[in-house]
Amino acid sequence: MAETEMIPKSATLRIVRPTDHLAATTAMYRNGLGFQLLGSFRDHDGFDGAILGHPRHNYHLEFTHHRGTTVGRAPTPDNLLVFYVPERLDWEASCRRMLEAGFVPVESYNPYWDDAGRTFEDIDGYRVVLQNRAWLT
């Protein structure tokens, strides 16, 4: 596919996932990753939600809860969000914030992530990896 046929760099990526614990999940990700609440909604066709991120970053996380529905835990331990944090002091501070926010440190399902990072699990069993290295393309 030619570069001109790709989604433009200016596009915003939003990752949406359901949760049975909307308030707790929102608080964990706000505090653990330092994201801001960019928006929220209540009873939009039976859905409540929260959109987290940074106003100048082109990625967001959205958590939703469909009233009257139970979604349960993550389907596998390999459902990951991965953040590459190359500076050691920034990475250590980020890991501390994750623990303070209530994320549980776990051994990664794929041992690659434990080589230079730490894996944390949220209340729903979804995982966030903080890698202490730069992303190399």
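Me: What relative accessibility does Asp 43 have?
Reply: This is a predicted model in which local features need pLDDT of at least 70 and side-chain atom pairs count only at pLDDT 80 or more, while totals for chains, interfaces and linings use all residues. Residues are numbered from 1 along each chain as its sequence is written, and side-chain values use heavy atoms, with hydrogens and water left out. Buried means under 20% relative accessible area, exposed over 50%, and partly exposed in between (1.4 Å probe, protein chains only). Asp 43 counts as partly exposed because its relative accessibility is 45%.

Me: Where is Asp 43 found, and what is its phi?
Reply: Helices (H or I, at least four residues) and strands (E, at least two) are DSSP runs, numbered from the N terminus. Asp 43 is found in strand β2, residues 36–44. Most residues other than glycine have a negative phi. Asp 43 is not a glycine, yet its phi is positive, at about 50°.

Me: Which loop holds Asp 45?
Reply: Asp 45 also has a positive phi, of about 55°, although it is not a glycine. Asp 45 is exposed because its relative accessible area is 69%. The residue is found in the loop between β2 and β3 (47–53).

Me: With which side chain does Arg 67 meet in a salt bridge?
Reply: A salt bridge is a side-chain nitrogen of Lys or Arg within 4 Å of a carboxyl oxygen of Asp or Glu, and the structure holds ten of them. For Arg 67, the N to O distance is 4.0 Å, and the partner is Asp 43. Arg 67 lies in the loop between β4 and β5 and Asp 43 in strand β2, so the pair ties together parts that are 24 residues apart in sequence. Arg 67 is partly exposed, at 36% relative accessible area, and its partner is Asp 43.

Me: Which residues are linked with Asp 43 in a network of salt bridges?
Reply: Arg 42 and Asp 48 meet through their side chains in a salt bridge of 3.7 Å, N to O. Arg 42 counts as exposed at 65% relative accessibility, whereas Asp 48 counts as buried at 8%. The network links Asp 43 with Arg 42, Asp 48 and Arg 67.

Me: Which residue forms a salt bridge with Glu 121?
Reply: Glu 121 lies in strand β7 (residues 117–121) and counts as buried because its relative accessibility is 16%. The closest N and O atoms of the salt bridge are 3.1 Å apart. This pair links distant parts of the chain, 48 residues apart, since the partner of Glu 121 is in the loop between β4 and β5.

Me: How many residues does β5 give to the lining of the second largest pocket?
Reply: On a 1 Å grid over the protein atoms alone, a cavity is a set of points where a 1.4 Å probe fits but cannot get out, and a pocket is an open set with protein on both sides within 12 Å along at least five of seven lines; lining residues have an atom within 4 Å of a point. Leu 81, Val 82 and Phe 83 are among the residues that line the second largest pocket. The elements that give two or more residues to this lining are β1 (13–18), β4 (59–66) and β5. β5 gives the most, with three residues.
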